[in-house]
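Hi everyone, thanks for coming. Let me walk you through a structure that may be new to you, starting with a pocket and then moving to some rings.

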Amino acid sequence: VTLTVSAVGLVLGITDLLDKSAIVDLGHYAEQAGMGLAMKITTDVLALNAGLSQTAGATGVDLTEANILTAIQTLGAAGVPGPYNGVLHNIQWFDLAGSVGSTLNPANAPGNATVAQVTRDFGAEPAFSGGLNNLYGVNWTVNSNVPTMAAGADRAGAIVNPRYTFGFVSKWDARVEFQRDASALITEIVVTACYAVGELRDAAGVLIQTDA
């Protein structure tokens with residue numbers, strides 16, 4: 001597999017007037033630019049989910065516990081070792097966590113015996129921290145950057161082996177530089193990274209395609 005790196009970034013031109021008039025300093029704008037670049041990298045990685053050949057779920061249908069089990073079984077049958085990491089869009093999490101006590105059996109959640117306990121451990125609270133904790137040995141994350149697919153009808157979550165499925169190579173990590181243009185009365189904030197992402201082993205991941 002060949003991953004071809006390229007430079008990605010953005011430039012903010014902060015005028016002296018804005019700098020002296022705002023209640024925040026240049027560091028605030030640099031931080032915001034850095035967050036934008038981090039989101040770009042995350043989006044690039046998550047976009048790889050839709051390219052996985054193995055799938056669980058169905059277009060236009062809410063995510064269910066059975067879909068999760070299917071994905072785990074598919075990886076195990078292919079000889080893919082654990083641990084597994086999973087990522088879902090917020091609406092996928094909502095559909096799954098909202099089925100606690102119906103399609104999601106509380107007894108199946110390790111260490112949990114009641115619907116109330118499952119809701120606390122797997123439901124509402126972890127959503128705000130971006131994680132679903134652990135279910136069936138999969139370490140879960142919820143991220144709003146999980147892409148759409150099927151013309152926007154579905155979301156492309158995934159369960160992967162984090163070592164084998166996708167690759168990330170970096171020439172340099174995100175860096176922030178300031179450049180002064182005195183004649184224009186502007187300070188430029190330049191934020192860049194140089195990296196590439198790509199699929200390494202298709203059989204080491206399963207796309208979770210469910211209703212958006």
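Let's begin with the largest pocket: 16 residues line it, and Val45, Leu46, Asn85, Val87 and Val160 are the ones nearest its centre. A pocket here is an open set of points on a 1 Å grid over the protein atoms alone, where a 1.4 Å probe fits, with protein on both sides within 12 Å along at least five of seven lines; lining residues have an atom within 4 Å of a point. Helix H2 (26–46) and strands S3 (84–88), S5 (138–142) and S7 (154–160) each give two or more residues to that lining. Helices (H or I, at least four residues) and strands (E, at least two) are DSSP runs, numbered from the N terminus.

A word on the source: this is a predicted model, where local features need pLDDT of at least 70 and side-chain atom pairs pLDDT 80 or more, while totals for chains, interfaces and linings use all residues. Residues are numbered from 1 along each chain as its sequence is written, and side-chain values use heavy atoms, without hydrogens and water.

Now, the rings. How many aromatic pairs are there? The count is 1 aromatic pair, taking ring centres within 6.5 Å for Phe, Tyr and Trp (its six-membered ring), with planes under 30 degrees apart as stacked, over 60 as edge-to-face and the rest as tilted. Phe168 and Tyr195 have ring centres 5.6 Å apart and planes at 15°, so they are stacked. Phe168 sits in strand S8 (residues 166–181) and Tyr195 in strand S9 (residues 186–199), 27 residues apart.
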